[in-house]
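Below is a brief report on one protein model.

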Amino acid sequence: MKKPTKKNTSEKAEALKQNTKDHTSTELTSRQGLRVNDTNNSLKAGERGSTLLEDFLLREKITNFDHERIPERIVHARGSAAHGYFELYESLEKYTKAGIFTDTSRKTPVFTRFSTVAGSKGSPDLARDVRGFAVKFYTQEGTWDLVGNNMPIFFIQDAMKFPDLIHSVKPEPDREIPQAASAHDTFYDFVSLTTETLHNHIWVMSDRGIPRSLRMMEGFGIHTFRFINDQGISHFVRFHWKPKLGVHSVTWDEAVKINGADPDFHRRDLWDAIEAEQYPEWELGVQIIPEEDEHKFEFDLLDPTKLIPEEMVPVKIVGKMTLNRNPDNFFAETEQVAFLLGNIVPGIDFTNDPLLQGRLFSYRDTQLSRLGSPNFHQIPINQPIVDVHNNQRDAHMQMTIHKGKTAYFPNTLGGGCPHLSKISEGAFHSYHERIDAKKIRSRSESFNDHFSQPALFYRSLEQWEKNHVADAYTFELGKCENEPIKKRMLWLIQQIDEDLAEQVATGLGLKVPNTIDKPINQAIGADVDVEKHQPGKKKMYLKKSKPLSQTHIRTTSIATRQIAVLASDGFKMDDFKTMKEALQKENAIVKIIAPHGGTISCDQGMKHKVDASIMTTESVLFDAIYIPGGKTSIDSLCKKSKFIKFVAEAFKHCKAIAVDNEAIEFVKTTKNIEYTDDKAFLIDKDPKEFISAIAKHRNWDREKAAKKIAV
């Protein structure tokens, strides 16, 4: 092999240098070198109008973003899914002609995928993150995809900003770290300069960002859509999924440990529940607003960073989704399923929400990149349950063998087929919305309220939830290295709530700044009035909204809750039998944790299968602990320090603990557990009291004392 000359080496180095881009002190341009004055807003028909197809800058930016990963999804890469069905409780024909919302006799098949947003396919389940909640309805009029999240609002207002948002939260490009985490400088640099993100961000900082189970979280369509009835009358609508098991989360300390003990915790939980025939259920609710009421609120209905408080527009429960079958093949179904916001049916239509408008383009473009062909609708999981007839032919991976010589319309050689349908026969037609506006690259001033709803959310939380939000901000900002970014964030948090800002500042060892030198919100164009698009003053149009706190959206069910029974040879069978039968009657999952695997014997000589040895499991994987009596058993548990750690950790995480007879002696070996006045620490009590304590999820009154325990 010829040795490279110095000249060749120098030329190669120069070529590499030319391919290395440094964006410091340069003007923003398109890929063709066109200088750009606004990369924050899409081109619209008026400030609140629909996004225009001619917006080449939007398409260039999002097309490049959509094709950045092959073949893994850029966002929502890590997912879990299941099959099921949707049933309608009552007809909504007054509002929509969509068959799925008017025919109560139907049982509509669905495929639902849950996911994390930021992490790669191999990231752990318990990252602090938004969760995707996407449902594909296989209706008799075609496929409808309701593609949402477990939070009712989004980070940004315009799809033009989505690549910036995700680039900021993804691993930093020079180091490719951190994975599946927002606690780093690039993300908070973006958030602190893009104040529209604050509402969604405080939801992520709350316990909503680390759900206990995919089966125990809400889902939201995020956007304002339209219902259209047979008379062509439009109503605005937002969609809500309400889990029958209530809404529950884990603590951050648990999440960190679960990611180590079982990074597939959520995926396994969903799969196991369905295999055990404990089918997850969600009720579907709608908030319906007459079109004439569009402007009666102190926020803009088209702003995807705003929710509609349920006190202002109640959620009407209209149906139920049940997931009852796991996928047969993960790749063929969960990985290849393609959700498109553009998959709608007659009776449902879009609004001019600028984030929704951009997603209509982006989702199809992404699937073309991931699945390699416009024929991805022929993959079984993506196939509608109705017949498909059109003149679209060929392309990569065409699976349908089309007959005949015509592939155009109109025609006579094919008998005029496939022919057009009339609207009265069920054909889709877009809502006739009047548009009279100038083309403009901007956004409405009605989108400028960035503090009121984050403040409403925080005010609505219980004290234990507020404490967790403060801890989350402190942790996340504590991971940032750039002090000006931390100070910008502290100033913004202060605009939401002063006490919250002081708590976070104390944790960071900083002071909340009184002012910021320059305007904060930079999600604006270069030539617009800067002051015009700064966030407005905080409003209080509602003091609190109960549904925003998890305290008020739980149930009395303990179905599928994981109960660890700590026992060894000689445990009291009478204690165990009574408790086990009571728990299983409520459909809880009872598992024996022992010093070793195999079997153990009770005091009546019967052998019992061990579900896990103490060295192969962790307390954070369970929802509650029960310890039956029996001196021999308790003496054995006391010899294994991990049993002591197991109980102390559950106590620290405010979980229900029940002990019988001699088991209290084991608890006394665990230092600092103050259980005498604890409502969720039960000694020789009726199993019904234990079940009631588990149903409350946690005893948050314990949290302050429990923090003293080091485990």
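How many bridges join β3 to strand β4, and in which sense do they run? Seven bridges join β3 to β4 (residues 131–139), and the two run antiparallel.

## Basis of the model

This is a predicted model, in which local features need pLDDT of at least 70, side-chain atom pairs count only at pLDDT 80 or more, and totals for chains, interfaces and linings use all residues. Residues are numbered from 1 along each chain as its sequence is written, and side-chain values use heavy atoms, with hydrogens and water left out.

## Strand β3 and its partners

Helices (H or I, at least four residues) and strands (E, at least two) are DSSP runs, numbered from the N terminus. Two strands pair if DSSP finds at least two bridges between them. Strand β2 (residues 79–88) pairs with β3 in the antiparallel sense over eight bridges. S80 stands opposite F114 in β3. On the β4 pairing, F111 stands opposite K136.

Eight of the nine residues of β3 (residues 108–116) are buried, so the strand is largely enclosed by the rest of the structure. Buried means under 20% relative accessible area, exposed over 50%, and partly exposed in between (1.4 Å probe, protein chains only).

## The six-stranded sheet

An open sheet of six strands has the order β17-β14-β13-β18-β19-β20, with parallel pairing. β17 (612–613) and β20 (681–683) stand at the edges with a single partner strand each, so one side of each has no neighbour in the sheet. β14 (residues 589–594) pairs with β17 in the parallel sense over two bridges. I593 stands opposite A612 in β17.

Helix α14 (residues 573–585) packs on this sheet. It touches β13 (562–566), β14, β18 (624–627) and β19 (656–659), where contact means heavy atoms within 4.5 Å. The direction of α14 makes about 145 degrees with that of β14. Axes are lines fitted to C-alpha atoms, for helices over the stretch in contact, and angles run from 0 to 180 degrees between N-to-C directions.

## Helices α3 and α4

The axes of α3 (residues 162–169) and α4 (residues 185–193) come within 6 Å and cross at roughly 145 degrees. D164, L165, S168 and V169 in α3 meet T186, F187 and F190 in α4. These contact residues divide into four nonpolar, two polar and one charged.

## Nonpolar cores

A nonpolar core is a set of buried Ala, Val, Leu, Ile, Met, Phe, Trp, Tyr and Cys residues joined through side-chain atoms within 4.5 Å. The largest has 70 residues; L165, I166, I202, Y473 and L500 have the most contacts inside it. Elements giving two or more residues include α3, α4, α5 (198–205) and α11 (463–478). α12 gives the most to this core, with seven residues.

I166 touches F65, I74, V75 and V117, not counting residues up to four places away in sequence. Apart from this core lies another, of 51 residues, among them V318, V345, F350 and F376.

T305 is found in the loop between β9 (281–290) and β10 (316–325). T305 is buried, with a relative accessible area of 2%. Beyond four places in sequence, its contacts include F154, E196, H199 and Q453.

Q367 lies in helix α9 (residues 354–371). Q367 counts as buried at 5% relative accessibility. It touches A338, F339, L340, G372 and F376, again not counting residues up to four places away in sequence.

Notes:
Nonpolar A, V, L, I, M, F, W, Y, C, P; charged D, E, K, R; others polar.
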